[in-house]
Amino acid sequence: MKRRDCFWAVASVLNYVVVPMAANAAQSSVDKKAPDFSTLDANGQNRTLEEFKGKVVVLEWTSPSCPFVRAQYASGKMQELQSWAKAAGVVWLSVLSTNPARGDYLKPQQAQAFMQARKAQSKALLMDPSGQLGHAYGARNTPHMFVVNEVGVMVYAGAIDTQPTVDESVVPTSRNLVRAALEDVLAGRKVATPATAPYGCLVGYNA
């Protein structure tokens, strides 16, 4: 990682509290019906979980300012995973639960443009300024990942991969836990590791 990028990453981490959630807390939501939702995406279209019934769904809590998220996208591994999932028929939804009072808040059009600049391959960017969707899923960190199977049951909740890092060069060396979960689901297997401790920046809720 370049010195300038390293300085930016360290400075960003100092402005965020990085609190991993225990894996047993994530486990409490696994093997249960995923919370239904109805929320607008960045294009103003209403999106619901019911809309994607019969499909495997990934929900990715993201952030425009978190260095852990930046590392995933700067490495290209997040976009690669999104593209692979899309080709496999998986619906990938990115979620932005940032309260408008925060300094890193982006209006829907700005958020969409930001994700496009990152070359994100998600189906839609869901806007959750009230935090209702995030609280329903128990999203604590960015990135915090959830996988819902074809019948609406949560089969994975936790981290994107096995190495918490803000260094984009480290990301490709990490085992991607979401891909592993998706491979199990798509093969008709029980997810081998259904819950892990998510890491990253705290989601920007108002309370």
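Directly after helix 3 comes G76, with a positive phi near 85°; helices here are DSSP runs of H or I with at least four residues, strands are runs of E with at least two, and both are numbered from the N terminus. The model is a predicted one, in which local features need pLDDT of at least 70, side-chain atom pairs count only at pLDDT 80 or more, and totals for chains, interfaces and linings use all residues. Residues are numbered from 1 along each chain as its sequence is written, and side-chain values use heavy atoms, with hydrogens and water left out.

Helix 3 itself is mostly covered, seven of its eight residues being buried. The term buried denotes under 20% relative accessible area, exposed over 50%, and partly exposed the range in between, with a 1.4 Å probe and protein chains only. The buried residues of helix 3 include P67, F68, R70 and Y73.

C66 and C201 form it, with their sulfur atoms 2.3 Å apart. The pair joins distant parts of the chain: C66 lies in the loop between strand 3 and helix 3 (67-74), C201 lies in strand 9 (residues 201-202), and the two are 135 residues apart. The link of C66 and C201 is right-handed, with 85° about the S-S bond, and both cysteines are buried.

The strands can be followed next. Strand 3 contains V57, which counts as buried because its relative accessibility is 1%. V57 and V153 are 96 residues apart in sequence, while their C-alpha atoms are 9.9 Å apart in space. Strand 3 pairs with strand 4 in the parallel sense over five bridges, where pairing requires that DSSP finds at least two bridges between two strands. Within this arrangement, E60 stands opposite S94 in strand 4.

Which way do the side chains of strand 4 point? V91, L93 and V95 point one way, W92, S94 and L96 point the other way, and all are buried. Strand 4 (residues 91-96) also pairs with strand 5, in the parallel sense and over four bridges. On this side, S94 stands opposite L125, and the bridge partner of L96 is M127. In strand 5 (residues 124-127), A124 and L126 point one way and L125 and M127 the other way, and all are buried.

Strand 4, helix 5 and strand 5 make a right-handed β-α-β unit; a crossover is given that hand if, with the strands pointing away from the viewer, the path from the first strand over the helix to the second runs clockwise. The loop between helix 5 and strand 5 holds K119. K119 is not a glycine, yet its phi is positive, at about 65°.

D31, in the loop between helix 2 (23-27) and strand 1 (38-40), is a residue other than glycine with a positive phi, near 70°. D31 counts as partly exposed because its relative accessible area is 48%. P143 lies in the loop between strand 6 (141-142) and strand 7 (144-148), and the peptide bond from T142 to P143 is cis, with omega near 0°.

A cavity is a set of points on a 1 Å grid over the protein atoms alone where a 1.4 Å probe fits but cannot get out, and lining residues have an atom within 4 Å of a point. Grid points are joined across faces, edges and corners, and a volume is the space filled by probe spheres set on the points. Two cavities of 30 Å³ or more are counted.

The largest cavity holds about 50 Å³. Its lining comprises 11 residues, of which S63, T98, D104, L202 and G204 lie nearest its centre.

The second largest cavity holds about 40 Å³. Among its lining residues are S63, L96, F114 and L125. Helix 5 (residues 108-117) gives the most to this lining, with three residues.

Methods
1 Å grid on protein atoms, 1.4 Å probe; cavity = no way out; pocket = protein on both sides within 12 Å on 5 of 7 lines; lining within 4 Å. Disulfide = S-S within 2.5 Å.
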